[in-house]
Amino acid sequence: TNSLTMAWRLFKNLSEEQQRYEKQLIFEHPVFVRLCQQLLRDARRMTRGDLVFSLHALVNLGVPQNTLLVQTLVRVCQEKLNQLDNRCISVLATTLAGMEKDKNVSALQAGLQLLVEQRISSIRDIFILQNLMKCLGKDAPVFLKKKLEMAVLREIDGLTFPNSLRMFLALAAMNYCSLPILNPCSRKIQENVHDVPFRQLIHILEACHTLQYRNVKLFSALADYVNSTAYLWDKRQIILFLSACEIHAFQPTELLDTFAEKVIEDPDFLNLKNLLVVLRVYSRLNHVPRVQKHLFFETLHSCLNKCLPQISNIELLKAVYSLGVLGYLPHHALDELLQKDSKDELTLSDDLKEQNTVMLHSVKTCMELDSPSFTKPAFVLTENLSSLVPLNLRKAQEALIELLGDENMFRQNVRLPYRYHIDFEIRMDSDRKKVLPIAATDDHPDSHVQRLAFLFAPVSAFCLGTTHPQGKLAMKKRHLNKLGYHVILIQNKKFQEMKNEDAVEFLRRKIYSENAFSFSETTV
C-alpha cells in the first residue's frame with residue numbers, strides 16, 4: 001500500500017505528457033506485476049486503511065476498472081464497509097467518484113450512502129464532510145444533502161479560508177445552494193482574495209453559476225483583485241475570467257476598461273476564438289470603454305478582418321451582431337455577411353434557425369438606424385397590438401390611469417417599425433409640461449410633440465446588481481431614440497414591489513422630470 005500510494009503521489013505531480021510515459025513504465029515494470037498479484041492474494045487480510053488507500057492509488061494510476069484486481073478490491077470494500085472509519089469512508093467516496101458505474105461500484109456506492117446517513121452526526125472533520133458532499137453528488141437524496149448541510153453548519157465557525165474555497169466546489173457538486181454556508185464562505189474568500197489562485201477564481205464563478213448564487217460583493221472583490229494584478233496575468237486568463245463574469249451578467253467595469261487598453265496595445269494575441277469571446281462579453285454586458293472607445297472598436301474590426309478567410313458563417317454572423325449591438329458597423333465583415341445572405345449561404349439547421357434569423361434582422365436594423373446618414377423621421381408608423389395588457393403590466397396601467405385620468409392619454413402594447421415594441425407611449429407638448437391626448441396627436445402629427453416610451457424590463461435584462469441595461473435592451477433603447485422616442489427603462493420587479501401611491505408618484509416624476517427627456521440612461 002505504501003509503495004502504491006507513493007507512486008500515485010509522485011505520478012499526480014507530473015505533466016500530462018510525463019504521466020503517459022511514466023504510466024507505461026509502471027505497468028510494464030515486473031515488480032508492479034508482482035505487487036498487484038500480492039495485493040490480489042492478500043486483499044481480504046488487509047487492514048481497512050490499506051484496503052481503501054490501495055484501491056484509491058490503483059484507480060488514480062489508471063489501472064483498468066474491469067480488471068480482476070480492481071473488482072476484487074471493490075467487493076472486499078463492500079464486505080468490510082461497516083468496519084471503515086470516517087477517514088476511510090472519505091477516501092473510498094473520493095475513489096468511487098472517479099470510477100465508472102458498474103454492478104459492483106453501484107452496489108458499493110449505495111452501501112456507502114446508507115453508512116454516511118448513519119455516521120453523519122459523528123463526523124466533525126470539515127474536510128471529510130466536503131469529500132462526502134463532492135462524491136455523493138447531485139444524485140444524493142435531498143434529506144441527505146440537508147443532513148450534510150447541518151453537519152457543516154455545526155462546524156461553520158471553524159471554517160478556514162482553504163475550506164471556504166473547497167466548500168463552494170462541494171456544494172456545486174451536490175447542486176445544493178445553502179446560503180447559511182455560502183455567505184460566510186464568501187466573506188472569508190473576500191477577506192483573503194489575494195491568496196486565491198487564478199484557477200480557483202474561475203472555479204468559484206463556475207460553482208456560483210451552478211448554484212445560481214449571485215453575490216455582487218463577492219464578484220466585485222474577485223474582479224477588483226484581477227484588475228489590480230492584471231499585469232501578472234496572461235491576457236488569455238483575463239479573457240477566461242471575463243467570460244465567467246459574463247455568464248452571470250456581471251459587469252466588472254474597471255477590468256473591462258483595463259483589458260480594452262491591453263487589446264489596443266497588443267491585438268496580436270486575439271485569435272478567432274478569443275476574438276469571438278471578447279465580442280460576446282463586451283456586447284452582452286453593453287460595455288463601451290470610457291477612453292479610446294473608437295480605437296478599441298477599430299482594433300477589434302481589424303482583428304475580425306484578419307480572421308475572415310477562416311471564419312465560419314455562423315461565427316461571422318455572431319461577430320457582426322456583437323459589434324452591431326455596441327453601435328459599431330464593421331463594413332468589410334458586413335459586406336461579406338450580406339453577400340452570404342444574398343446567396344442563401346446562411347441557411348442553418350432548424351434548432352439554430354430562429355436565433356440566427358433574429359440576429360440577422362438586428363444586424364440589418366443596425367445598418368439602417370445606426371448609419372450616420374439616418375435622420376429622425378417626422379412621423380413613425382405605429383400599431384396597437386392588443387388592448388389587453390399582460391398581467392405583469394397591470395399595475396403600471398392602473399398607475400397611469402390614476403395619474404393621467406384617462407386611458408386615452410396613453411397607448412399600450414405598441415408595435416413600431418423594425419419589429420420593436422414598447423409597453424406604453426405618452427405624448428407631451430414641446431415644453432414638457434402637458435400630456436396630450438393620443439387621438440389629437442394622431443390626427444395632427446407635429447414634430448414638436450415629445451414621444452415618451454416606457455419599457456418595463458425584467459431584472460435579467462440588466463447587468464447584475466445594477467440598472468445598466470444589457471446589450472439587446474441597450475440597442476433597443478438606442479434605436480428608439482433614433483426613431484424620436486425618449487426612453488425610460490424601468491426594472492419591472494422593483495416597480496411591482498412599490499405601493500400603489502408610490503408607483504403613481506414614481507411615474508409622475510419620470511413623466512414630468514427634465515431627466516426623463518435626456519438621451520442618457522434613465523432607469524429605476
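Is valine 487 buried or exposed? In this predicted model, valine 487 has a relative accessibility of 1% and therefore counts as buried, the cut-off being under 20%. The residue belongs to strand 6, which spans residues 485-491. Lysine 477 lies 10 residues from valine 487 in sequence, and the C-alpha atoms of the two are 6.3 Å apart in space.

**Domains and their contact**

The protein chain is divided into three parts: domain 1 covers residues 1-122, domain 2 covers 311-374, and domain 3 covers 383-512. Between the C-alpha centres of domain 2 and domain 3 the distance is 29 Å. To their contact, domain 2 contributes 13 residues and domain 3 contributes 10 residues.

The size of an interface is often expressed as the accessible area lost when the parts come together. For domain 2 and domain 3, the buried area is about 1100 Å², and carbon and sulfur atoms supply 59% of it. On the side of domain 2, the residues that lose the most area to domain 3 are Val325, His361 and Leu369, which together account for 46% of what that side buries.

Polar interactions also cross this interface. The rule finds 2 salt bridges between domain 2 and domain 3, and it finds 8 residue pairs in polar contact, with both residues at pLDDT 80 or more. Two elements, helix 18 (313-325) and helix 20 (350-369), each give two or more residues to the side of domain 2 that touches domain 3. Helix 20 provides the largest share of that side, 6 residues. By class, the side of domain 2 facing domain 3 comprises 6 nonpolar, 5 polar and 2 charged residues.

**Asparagine 215**

A further site is found in the loop between helix 12 (198-211) and helix 13 (216-228), where asparagine 215 is placed. Asparagine 215 counts as buried because its relative accessibility is 15%, below the cut-off of 20%. Leaving aside residues up to four places away in sequence, asparagine 215 touches Asn183, Ser186 and Gln190. With one of these, serine 186, the contact is polar and runs from side chain to side chain at 3.2 Å.

**Selected side-chain pairs**

The table sets out two side-chain interactions, one of them a salt bridge between arginine 478 and aspartate 370.

| Pair | Interaction | Distance |
|---|---|---|
| Arginine 478 and aspartate 370 | Salt bridge between side chains | 3.0 Å, N to O |
| Asparagine 215 and serine 186 | Polar contact between side chains | 3.2 Å |

Terms used: Residues numbered from 1 in each chain as written. Predicted model: local features only at pLDDT ≥ 70, side-chain atom pairs only at ≥ 80, totals over all residues. Heavy atoms only, no water. Helix = DSSP H or I, 4+ residues; strand = E, 2+ residues; numbered from the N terminus. Buried < 20%, exposed > 50% of the residue type's maximum accessible area, 1.4 Å probe, protein only. Domains from an automatic or database assignment. Contact = heavy atoms within 4.5 Å. Buried area = accessible area lost by both parts, 1.4 Å probe. Salt bridge = Lys/Arg side-chain N within 4 Å of Asp/Glu carboxyl O. Polar contact = N/O pair within 3.5 Å; in protein donor to acceptor, adjacent residues only side chain to side chain. Nonpolar A, V, L, I, M, F, W, Y, C, P; charged D, E, K, R; others polar.
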